[in-house]
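Thanks for coming. I have one model to go through today, so please have a look at it on the screen before I start.

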Amino acid sequence: MKTITVGITGTKGKTTVAHLIRGILNEAGIRTGLVSTIEVDTGLRCIPAVNTTPPHDKLMEYVKEMDEAGCQIRIIEVSSIGLKEQRVTDLWFDYGMFTNMGVDHIGPGEHDSFEEYFYWKKQLFKQCDVGIFHMEDPYYPAIAQEATCRIMGYCKDEENLSSLTVLPGDFNRENARGAITLCRELGVSDAIIRKALPKIYVKGRMEHLQLPDGRLVILDYAHNGMALEQALKMLKARTKGKVICLFGCGGNRSVLRRSGMGETAGTYADETIITSDNPRWEEPLEIIDDIVAGMKKTNGSYTVIPDRREAIAEGIRRLTLDDVLLLAGKGHETYQLIRGVRYEMDERKIVEEIVNSAMKSE
């Protein structure tokens, strides 16, 4: 059997779609390799990811390992930077998938403009046989117009298979529709899809942390305004009390992202705690100032607590049984980058430590 290569691109949803596809294919007994934002699974080893799309030499090393392991299908997240830097130049994709498009990744070390960002996203569909598109996205027509591949859209899901995913929100149902469409194309039956979807968990994507007293904390990788808006809207619709949003923005990355996320949080969250993410080589307070500038365009209530651990402790202190606390931006990441140093920081452990400390002091 010929090895099939699948590339997934889009502003958000790449990782969720990739993991949904792998979960379904595994249920079908199809040996599958994965290169994703969270992890790389070559069939011979599974390691944490460093980049969404690894450098060319490293990626080809992973592809070789997948072949050695007998993988029948390779799933690869393809970022715009990966395309721009020719990281996937020696691969031809049997299937390319477009999830959606939004303003992001514009700034130092990324793209000079949205036009450049969009240009590189489109290149995947000149490097594949079949393009599977989320046709309801407003940028679909412009991408499809230049595509050289055969074009098909996400399934309509008349059987509502996408509702079986345990990942909440309409956006995750859209992600599931994309995964279902591809898996059907690969010959997987709806019975297998129906069996697989309720089991698939994606680390750091609307991940629920239920506290011992029943209060709810959610971890999500939402690190741009588009993803944060979707997460907050979904939580507002499902939450009886307040939606408390805690987030920061990465340094040496898009400055536009900062004010945009501030404005989004101010518009959709009941309370916002602004803190640090990965400041990298920038000053955390300067990043926070950019976020606050966006927040001030709204009437949103906010507090600035630069230390992320202290910010999480404050968020938990404010949390009631009717509320939800969203920890946005880190998701699957278990570290913080400050002045070139990588510090361990797993929000799951931090929440557990804060709760245990509070219980001991009672």
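I will take the nonpolar cores, then one cysteine, then the strand pairings.

This is a predicted model, so local features need pLDDT of at least 70 and side-chain atom pairs count only at pLDDT 80 or more, while totals for chains, interfaces and linings use all residues. Residues are numbered from 1 along each chain as its sequence is written, and side-chain values use heavy atoms, with hydrogens and water left out.

First, the cores. By nonpolar core I mean a set of buried Ala, Val, Leu, Ile, Met, Phe, Trp, Tyr and Cys residues joined through side-chain atoms within 4.5 Å. Buried is under 20% relative accessible area, exposed is over 50%, and partly exposed lies in between, with a 1.4 Å probe and protein chains only. The largest core has 35 residues, and I21, I24 and L25 touch the most other members. At least two residues each come from β1 (4-9), α1 (14-27), β5 (73-77), β6 (93-98), β7 (128-133), α6 (170-185) and α7 (190-196). The biggest contribution is from α1, with 6 residues. Helices (H or I, at least four residues) and strands (E, at least two) are DSSP runs, numbered from the N terminus.

What does I21 touch, not counting residues up to four places away in sequence? The list is I8, I75, M97, A179, L182 and C183. Contact here means heavy atoms within 4.5 Å.

There is also a second, separate core of 30 residues, which includes V63, C71, I106 and F114.

Next, C71. This residue sits in the loop between α2 (56-68) and β5. C71 is buried, at a relative accessible area of 4%. Apart from neighbours within four places in sequence, C71 contacts T3, R31, T32, G33, T42, G43 and M66.

Now the strands, which pair if DSSP finds at least two bridges between them. β7 and β8 (residues 150-153) run parallel, joined by 4 bridges, and F133 has G153 in β8 as its bridge partner. From β7 the chain passes through helix α5 (residues 140-146) to β8, a right-handed β-α-β crossover; right-handed means that, with the strands pointing away from the viewer, the path from the first strand over the helix to the second runs clockwise.

Last, the hairpin. β9 (residues 207-210) and β10 (residues 216-220) are antiparallel over 4 bridges, with Q210 opposite L216. The hairpin has 5 residues between its strands, and G214 in the turn has a positive phi of about 100 degrees.
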